[in-house]
Amino acid sequence: MLTQNSSTIALLPSTGTGSTPAPPAPRPATPRRDEREVRRAATTTHLHAAEVAPDEASRDEALREVVVANMGVARALAARQRNRGIPLEDLEQVAYLALVRAASHFDPGQGKDFLTYAVPCIRGELRRHFRDLGWMVRPPRDVQENQSAVIRARDRLAGDHGDRVPDEAIARDLDIPVAVVQQALRAEGCFRPVSLDAPLPVGQAGPAETAIDHEREQEVVEMRTTLQPALRRLDARERRILVMRFFQDRTQQEIADELGVTQTQVSRLLSGILQQLRDAVGTAA
């Protein structure tokens with residue numbers, strides 16, 4: 001590690017004479033470089049301590065220090081995935097757990113830097129977390145795995161094709177079937193659906209309004225108006241059976257237990273009630 005004195009000396013003019021070139025000056029130290037060097041040195045020291053630990057408790061303590069030294073790396077990797085529908089605190093916990101597993105499984109004997117092993121482990125765990133828990137509506141797994149690549153390709157190709165990038169262009173870019181591209185694009189809203197109350201420009205219909213089938217809504221109103229007189233003609237027991245069956249979603253046996261009758265009797269009662277309502281709707285029509 002370079003100290004402040006050594007960096008200051010390195011910046012002084014060379015005192016070499018003649019044609020002999022002065023030795024190249026080392027790069028000046030920076031806080032960020034110092035931090036990386038300190039982390040790397042601490043990680044190496046604690047990994048070695050874990051490797052030669054005389055007992056399990058000593059090994060666990062050394063690995064804990066490895067985790068503590070590299071928690072900043074895990075936080076940085078989690079922060080790259082923020083604002084994608086999962087709280088940052090949850091992502092950090094996932095990254096920390098992956099870091100703990102990486103420290104436990106890393107083999108210093110291979111002569112590799114610890115982070116060359118830990119960083120892919122943490123990234124993979126974050127991706128799995130999004131795949132398993134981040135989707136509000138879960139499409140098939142192959143669609144989940146392809147969607148991020150398809151979206152990135154679409155955004156990258158937008159400059160060449162304008163606002164509307166053909167599905168075929170994305171498929172050629174990624175060397176995947178067009179059908180896979182289309183499925184991935186259709187699932188774009190599954191990860192973080194648009195809020196029904198999301199503000200929109202004046203004059204533009206929102207998701208809540210466009211989701212309404214006005215013709216179907218009119219049919220429901222007409223059906224309710226037609227059924228109301230027929231429902232009033234049912235006695236209290238018959239109305240109670242309808243509520244239990246169609247609003248409380250109870251089984252015929254549960255209704256029978258509630259009324260103190262058999263399931264067969266409930267079946268006959270329901271058939272009779274529904275026939276009355278059908279007749280009433282047919283007469284009104």
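Among contacts (heavy atoms within 4.5 Å) in the protein chain between residues at least 6 apart in sequence, 54% join residues at least 24 apart. The model is a predicted one, where local features need pLDDT of at least 70 and side-chain atom pairs count only at pLDDT 80 or more, while totals for chains, interfaces and linings use all residues. Residues are numbered from 1 along each chain as its sequence is written, and side-chain values use heavy atoms, leaving out hydrogens and water.

The protein chain has 15 helices and zero strands; helices are DSSP runs of H or I with at least four residues, strands are runs of E with at least two, and both are numbered from the N terminus. Of the 285 residues in the protein chain, 26% are buried, meaning under 20% relative accessible area with a 1.4 Å probe, protein chains only.

Now for the first pair. Helix H8 (residues 167-174) and helix H9 (residues 178-186) have axes, lines fitted to C-alpha atoms over the stretch in contact, that come within 8 Å and cross at roughly 115°. H8 and H9 are therefore roughly perpendicular (65 to 115 degrees) to each other. On the H8 side, Asp167, Glu168, Ile170 and Ala171 meet Val178, Val181, Gln182 and Leu185 in H9.

The other pair is helix H3 (residues 56-69) and helix H5 (residues 88-105), which pack at an angle of about 130° with their axes 9 Å apart. Here Arg59, Leu63, Val66 and Val67 in H3 meet Leu99, Val100, Ala103 and Ser104 in H5.

Conventions
Buried means under 20% relative accessible area, exposed over 50%, partly exposed in between (1.4 Å probe, protein chains only). Axes are lines fitted to C-alpha atoms, for helices over the stretch in contact, and angles run from 0 to 180 degrees between N-to-C directions. Angles under 35 degrees count as roughly parallel, over 145 as roughly antiparallel, 65 to 115 as roughly perpendicular and the rest as oblique.
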